[in-house]
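These are my notebook entries on a single chain, set down in the order in which I looked things up. The structure comes first, and the entries follow.

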Amino acid sequence: MANTTRRTLLAGGAGLAAACAQQSAYKPNIVYVILDDFGLYDAGCYGSKAIRTPNIDRLAAEGMLFTDAYSGCSVCAPARSTIMTGLHMGHTPVRGNSGGISLRAEDYTMAGMLTNNGYTCGGFGKWGIGELDTPGAPEKHGFERFFGYYHQVHAHYFYPDYLIDTGRKVPLPGNRGFYESKPKAGAFPLTDPASGRRRTFSAYAIVEEMKKFLRTNKDRPFFCYAPWTIPHARHEVPESDPAWALYRDKPWPIEARVHASYCSMADRFLGETLALLKELNLESNTLVLFSSDNGAAETYGGSLDSAGNLRGQKTLMYEGGIRTPLVARWPGRIKAGARTDAPVYFPDLLPTFAELTGSQRYAPQEVDGVSLAGLLTGKGGPPPDRHMYWEWNGAHFAKGYDVQNQACRRGDWKIVRNKAGQPWELYHLKEDPGERNDLAAKNPKLVAELDAWVRANRASPPPQTEPSKPEGQQWR
């Protein structure tokens, strides 16, 4: 199928090769923290009045805040696939969201690129694009170490029987039986009152292992990918966590109180990460990015208002489903207090990291994203009229893949539809960020142009199948 926008990243020409060689001598570290279902308006720097996020706010004050940043998809696994491959949802290999669909052996990832350029890559949290003993496992795609969850449904559980450390199960015996009692949303003691066993809250363990990775690799260039699992899914916060004390007495539904606690907990983890980078004298040589993996799963209207005035939420292609916070800090390279309304999204990260680290010659031959290196360093942004594309099959556990939800943005214009074959809706985002006024009937030529681009720039995915599992289990 014709493709008019995929960009070649291989270095070409003596000038570019020399520039790559010069930059590769200086290899900045990268720390990328990505939360799970954190809403655009869950951070103070984006306007939250309900949730305390002093460290995210500080990161924004010391770096660049993006107002028009997007996920690669409206749900978890495909979004992660767009990050790792630099390919949008019309080309990226993992497009279903059932939890265990795997990258293929031949798929080339961001971590593979950086590893080939001398980086040590560690991941801490939820992988979601390759199960244990499948071609998509992270240790087969450039990660020297990955600690956390491989199957994303496994990651819904904060007190699991085990976590995974680079292909090996690590038992957590203190958690045994926690979910047999079918706990309801709320706060729980870290010591099991019945057995006396000490429970392990997975988010704590994941962050501690990440800190060990940073300490161990402080003297070599590293990529620390931190797809932390909070605030997604189950609402089971440790009752002793200081973040819970901030919200336990608020007059909100229990789910909103726990969600807010998770958001402030993640903010604290970010603060600890920034403090560690300073302790290790790595601040000036480390690019730190913060985002969410998609829009808010729940908007918590009337209490948190996680989606603000945006339409929709997670799973939908309206702004509330795909718009995400994005903040980047690199002292001395990114101007403090900078803001940009340039539209950017997850496929842009791979080419950005390639340019900033001098890894172009190790990058995949074709990507859909564009480098944001110039935007970050004040030397110019991406083309204002470029196209950005999203799709999804519209059902978390559907067998096979049948695209339903689609969207495409060019400049301030965006087309959306909730079922393939239906007429497109059209919105002008600058004038109508809440997507309330459908202008398709007044602009048929523009809709036809965007539709033609979508048709020319997507292809059917490889089979979206789950690997075999032990009988009666959802994951390996």
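In which loop does Pro 231 lie? I found Pro 231 in the loop between strand 10 and strand 11 (236–238), where helices (H or I, at least four residues) and strands (E, at least two) are DSSP runs numbered from the N terminus.

Before going on I noted that this is a predicted model, in which local features need pLDDT of at least 70 and side-chain atom pairs count only at pLDDT 80 or more, while totals for chains, interfaces and linings use all residues. Residues are numbered from 1 along each chain as its sequence is written, and side-chain values use heavy atoms, with hydrogens and water left out.

**Entry 1: backbone in the loops.** I looked up the peptide bond from Ile 230 to Pro 231 and found it cis, with omega near 5°. Ala 233 lies in the loop between strand 10 and strand 11 as well, and has a positive phi of about 70° although it is not a glycine. I then checked its accessibility: Ala 233 is partly exposed, at a relative accessible area of 24%, on a scale where buried means under 20%, exposed over 50%, and partly exposed in between (1.4 Å probe, protein chains only). Asp 305, which I found in the loop between strand 12 (286–292) and helix 8 (319–322), also is not a glycine and has a positive phi, of about 50°. Its relative accessible area of 38% makes Asp 305 partly exposed.

Entry 2: I asked how many residues of strand 5 are buried. Seven of the seven are, so strand 5 is largely enclosed by the rest of the structure. For pairing I required that DSSP find at least two bridges between two strands. Strand 5 runs parallel to strand 10, to which four bridges join it, and Thr 120 has Phe 222 of strand 10 as its bridge partner. With strand 6, strand 5 pairs in the parallel sense over five bridges, and here I noted Phe 146 as the bridge partner of Gly 123.

**Entry 3: Arg 145.** I placed Arg 145 in strand 6 (residues 145–149) and looked for contacts, meaning heavy atoms within 4.5 Å. Leaving aside neighbours within four places in sequence, Arg 145 is in contact with Cys 121, Gly 122, Gly 123, Phe 124, Asp 165, Thr 166 and Glu 209. The side chains of Arg 145 and Glu 209 are joined by a polar contact of 2.8 Å; the term covers a pair of N or O atoms within 3.5 Å, where within protein one must be able to donate a hydrogen and the other to accept it, and residues adjacent in sequence count only if both atoms are side-chain atoms.

**Entry 4: helix 5.** Helix 5 (residues 202–216) has 15 residues and reaches 21 Å from its first C-alpha to its last, close to the 21 Å expected at 1.5 Å a residue, the expected span being 1.5 Å times one less than the number of residues.

**Entry 5: nonpolar cores.** I counted as a core a set of buried Ala, Val, Leu, Ile, Met, Phe, Trp, Tyr and Cys residues joined through side-chain atoms within 4.5 Å. The largest nonpolar core has 72 residues, and those with the most contacts inside it are Phe 223 and Tyr 225. Helix 9 (residues 349–356) supplies the largest share of this core, five residues. Apart from it I found another core, of 63 residues, among them Phe 201, Phe 213, Trp 228 and Val 288.

Entry 6: I looked up an open sheet of four strands, whose order is 17-18-19-20 with antiparallel pairing. Strand 17 (387–392) and strand 20 (425–428) stand at the edges, each with a single partner strand, so one side of each is left without a neighbour in the sheet. Six bridges join strand 17 to strand 18 (residues 405–410), and I noted Asn 405 in strand 18 as the bridge partner of Trp 392.
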